[in-house]
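Grab a viewer and try these exercises. Each one comes with a worked solution.

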Amino acid sequence: MKKEIYELEKLWAENKYLVLSRSQKNYKKIRELLKEKNNPNSTEIIKLIEDSKNLPKSVPNAINAAEHIWGYFKNLADENEKESFQKLIASFKKSEVSEKNIKQFLKRLLEKYPNSYLIKSNYFDID
């Protein structure tokens, strides 16, 4: 059972920001399911992760996830990077840039300021 829980938490770590970028509802539901440490419903969690990958994109969810990821960098980033992130978010809200542009920017920050947790995330892999 411990191995199953470990694998489930690993799967969640890889997918949490992708899920958040598509559905805050699914994100919260998975977090609640994971609180059942002794017996989390792995089938339900996996289904919610997979379902989230197929949901349509939404600007508010994409921004929420990007801002969560930005939280890992905000104290490391220089003034230009901080300004660039804010401009990207504003431009995304006006449909002037895509979510992919934000992810590319955040991925560059991840390369500059490595974070072992984020490196394992598939948030950057899926458009």
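This is a predicted model: local features need pLDDT of at least 70, side-chain atom pairs count only at pLDDT 80 or more; totals for chains, interfaces and linings use all residues.

Residues are numbered from 1 along each chain as its sequence is written, and side-chain values use heavy atoms, with hydrogens and water left out.

**Exercise 1.** Work out the span of α1, find where its kink is centred, and see what its buried residues pack against.

*Solution.* 
- Step 1: From first C-alpha to last it reaches 29 Å, close to the 30 Å expected at 1.5 Å a residue.
- Step 2: the kink of about 50° is centred on N15; the bend is the angle between axes fitted to the seven residues ending there and the seven starting there.
- Step 3: buried residues (under 20% relative accessible area, 1.4 Å probe, protein chains only; exposed is over 50%, partly exposed in between) include W12, N15 and Y17. The buried set packs against α2, α3, α4, α6 and α7 (contact: heavy atoms within 4.5 Å).

**Exercise 2.** Which residues join K112 in one salt-bridge network?

*Solution.* 
- Step 1: a salt bridge puts a Lys or Arg side-chain nitrogen within 4 Å of an Asp or Glu carboxyl oxygen. D78 pairs with K112 at 3.8 Å.
- Step 2: E81 also bridges to K112, at 2.8 Å. This pair links helices α5 and α6, 31 residues apart.
- Step 3: shared partners join D78, E81 and K112 into one network. E81 is buried at 11%, while K112 is partly exposed at 46%.

Methods. Helices (H or I, at least four residues) and strands (E, at least two) are DSSP runs, numbered from the N terminus. The expected span of a helix is 1.5 Å times one less than its number of residues.
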